[in-house]
Amino acid sequence: MKLNIKNYSLNSLKELSKEVKNKIITSVAKNGGHLSSTLGATELIIGMHYVFDKEKDPFIFDVSHQAYAHKMLSDRWDRFDRLRQIDGISGYTRPNESKYDYFSAGHSSTSISIAVGAAKAIKLKNEDRIPVVLIGDGSITAGMAYEALNELGYRKYPVVIILNDNEMSIGKPTGAISKYLTKMKAGKFYQGMKEKFKGFLDNLPQDFRYAAKKFEEMFAINGIFFEEMGLEYIGPIDGNNLEEVIETLTIAKSLNKPVVVHAKTIKGKGYEQAEGYFEHWHGVGPFDIDTGKPIKKSSLSATKVFSNYLLKKVDKNEKIVGVTAAMPSGTGMKELLDKYPERFWDVAIAEQHAVTSMAALAKEGFRPFVAIYSTFLQRGFDQIIHDVCIDKYPVIFAIDRAGIVGQDGETHQGVFDVAYLKIIPNIVIFAPRCFKTLEYAMDFAISYTECATAFRYPRGAFYEVEVEAKPFELGKSEILIDSNNIMLIGYGNGVGRAWQVAKRLQEEGINVGVMDLRFIKPLDEDTLRSLKAATWFVFSDNNKIGGVAESLEAFCNENNLDKKIISFEFDDKFIPHGQTNDIEKYLKVDIESLKNKIKEYINGN
């Protein structure tokens, strides 16, 4: 079903908003996904589609987790019930999914930079188009957004930026006077008077100009920040009031200059249980619509084990501190922030700042944990090199969501951290294989102070390995099953995958060895040299390029070891969205597929 809402009446648009929200709720309840933020932004998106032209104007969504209504209003209404499934639509904007998705998104604070680039192209091509951005209040706090606003204010390209303010207050409106001033500022009279007043200021002597400028600011206190950067500002408006949204966006579009429309919205608007600030309604698994309760009971996860054990360590060691970047619950840091607010910090969407600030704490003798998802730690890559590793500051990187993360897709799969970290000097890189070795990994990281350390762990649980866990020793691996012929070498959660494959092979009378590599940097060179097995199969949730097998091949070449190394890491392509089990089968890295690949190799040799 294709929708053209240009000729809808206001009442029809309000009914459409209810239909869109109902479809979002039923689809997310079934498949999981982002709920409260996308419900709260529905009226803003309907307003975008009504005022602007989706056929020509770039619609740019920051992070894009709030763009579900946009997907339905473009060309995906009938497909929306397959949201985030392997053969369905993405939970984020994807140009390869629809021409109406201008850019792929999944990480924050990129939208305004994209809009500036689009505006430059539109000017060079002399086209009648205008980029329109929807960005959340959290995303606009990150450095990249400021950089883009700075240039946009200087260049004055026509761009409309809708600031969706649903959690923090940017000049919170108060009472009838604030509402009246907001309405006035959205009107043509105010905009015209403002231009005349600006000309009047330019002709005043310097002393009078300052006083007059301050007088003007009394009527625009909410927008001082943006207007000082050279941007027009309108708001705050009620972002869940369709009439007000449409009226304001129409004015903003007509100004032919960069405009920030500040819209206050309620997260979860339209689903009572999720309305307001409830972090657990941001991203949810399947749930019962009537009660709001999750359908599946959550099992113990690596994140929870990390959180619980770190709390125990912090209680006994006052030198342990930590940081997360806008993901306190996702990284397990919320409990630590609540109990030790003076020692644990959420710095918002600012991974670069998080890394560098912890380097200073490490220099001062503290033991800082940087708890960030693998995919988001990429954003702090230069800081890891420049501010941490050059001077060997012992920052501890706890890398959550390593490997396949499932339904969030390409922008969130944690498959690059081994490659981008192992090229850096002065960092020790290792991985636990189970919940207990995760605790041992934390013990080792706290005790090791020669340089930075980094360990990774998966979303959810590990594959099961029925071998007693042992503490970590620097650069030491562990042989779980020995073999003279074939060795399955696992790293991190790949150890459990290798173990399960070995069990299946053993059931069919094929005996293979299993090794827990434990450290990728430094490698356990002595044990690797001593392995009698001539064939090594490598199991690790990373890309092949820059992965574990490449390190082992380089080691064998340097040491003249004649080994056949076969990698079961991921091929050189981005991994799509879908349930984790479905993605593993799609990539042929599920246990059954891996077992069959090894059998085929044995039979062929």
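Mentor: Start with strands. Helices (H or I, at least four residues) and strands (E, at least two) are DSSP runs, numbered from the N terminus. Two strands pair if DSSP finds at least two bridges between them. This is a predicted model: local features need pLDDT of at least 70, side-chain atom pairs count only at pLDDT 80 or more, and totals for chains, interfaces and linings use all residues. Residues are numbered from 1 along each chain as its sequence is written, and side-chain values use heavy atoms, with hydrogens and water left out.

Trainee: Which residue in β13 is the bridge partner of A398?

Mentor: F455 is that partner. Four bridges join β11 to strand β13 (residues 452-456), and the two run parallel. β11 also runs parallel to strand β10 (residues 367-373), through five bridges. There, I372 has I399 of β11 as its bridge partner.

Trainee: Is β11 mostly covered or open?

Mentor: Buried means under 20% relative accessible area, exposed over 50%, and partly exposed in between (1.4 Å probe, protein chains only). In β11 (residues 396-400), five of five residues are buried. I396, A398 and D400 cover one side, F397 and I399 the other, and all are buried.

Trainee: How many disulfides are there?

Mentor: A disulfide is a covalent bond between the sulfur atoms of two cysteines. The rule here is a pair of cysteine sulfur atoms within 2.5 Å. The count is zero. For C389, the nearest cysteine sulfur belongs to C451, 7.3 Å away. C389 is buried, at 2% relative accessibility.

Trainee: And how many salt bridges?

Mentor: Side chains of opposite charge can pair when their charged atoms come close. Here the test is a side-chain nitrogen of Lys or Arg within 4 Å of a carboxyl oxygen of Asp or Glu. The count is 39. In one of them, R76 pairs with E97, with the closest N and O atoms 2.8 Å apart. R76 is in helix α4 (residues 68-76) and E97 in the loop between α4 and α5 (111-125), so the pair ties together parts 21 residues apart in sequence.

Trainee: Is R76 buried or exposed?

Mentor: R76 is buried, with a relative accessible area of 0%. E97 is buried too, at 17%.

Trainee: What about R94 and E410?

Mentor: They form a salt bridge, with the closest N and O atoms 3.2 Å apart. R94 lies in the loop between α4 and α5, and E410 in the loop between β11 and α17 (417-422), so this pair ties together parts 316 residues apart in sequence. R94 is buried, at 5%, while E410 is partly exposed, at 23%.
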